[in-house]
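Student: I have some labels to check against their definitions. Can we go through them one at a time?

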Amino acid sequence: QVQLVESGGGLVQPGGSLRLSCAASGSIFSIVAMGWYRQAPGKERELVAAITSGDLTNYVDSVKGRFSISRNAAKNMVYLQMNSLEPEDTAVYYCSARLGNSNYWGQGTQVTVSP
């Protein structure tokens with residue numbers, strides 16, 4: 001019922017910045033919250049940032065002060081601004097939307113932080 005299309009990943013040097021974008025379509029009115037997850041090879045998938053329909057946000061400790069999640073409801077877009085990137089941030093980043101008790105996922109976008 002919800003389709004998510006991500007963009008903005010790429011290769012950056014440590015200390016650089018990227019902004020990930022997620023375009024949502026479908027049953028947008030039913031979305032309760034959206035978030036960004038990431039998964040690196042050999043590591044568990046973790047929730048990086050989340051934003052509720054009331055614009056409440058939360059972040060995993062490792063990205064606090066560096067990442068910022070936001071949304072533009074009029075454009076059905078959610079963003080993840082990533083600053084001061086570190087090699088440890090290298091992962092596939094997935095946009096996620098929650099409708100009731102169901103989760104929907106984007107295709108993922110690769111973020112690589114390397115000198």
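Student: Why are Cys22 and Cys95 called a disulfide?
Tutor: Their sulfur atoms are 2.2 Å apart. A disulfide is a pair of cysteine sulfur atoms within 2.5 Å. So the pair Cys22 and Cys95 qualifies. The model is predicted, with pLDDT of at least 70 needed for local features and 80 or more for side-chain atom pairs, while totals for chains, interfaces and linings use all residues. Residues are numbered from 1 along each chain as its sequence is written, and side-chain values use heavy atoms, without hydrogens and water.

Student: What makes the disulfide of Cys22 and Cys95 left-handed?
Tutor: The torsion about its S-S bond is about -80 degrees, so it is left-handed.

Student: Which parts does the pair Cys22 and Cys95 tie together?
Tutor: Cys22 lies in strand β3 and Cys95 in strand β9, so the tied parts are 73 residues apart in sequence. Strands are DSSP runs (E, at least two residues), numbered from the N terminus.

Student: Why is β4 called mostly covered?
Tutor: Seven of its nine residues are buried. Buried means under 20% relative accessible area (1.4 Å probe, protein chains only). Both Cys22 and Cys95 are buried too.

Student: How do you know that β4 and β9 pair?
Tutor: Strands pair if DSSP finds at least two bridges between them. β4 and β9 have eight, in the antiparallel sense.

Student: What about β4 and β5?
Tutor: Six bridges join β4 to β5, and these strands run antiparallel. Arg38 stands opposite Glu46 in β5.

Methods. Helices (H or I, at least four residues) and strands (E, at least two) are DSSP runs, numbered from the N terminus. Buried means under 20% relative accessible area, exposed over 50%, partly exposed in between (1.4 Å probe, protein chains only).
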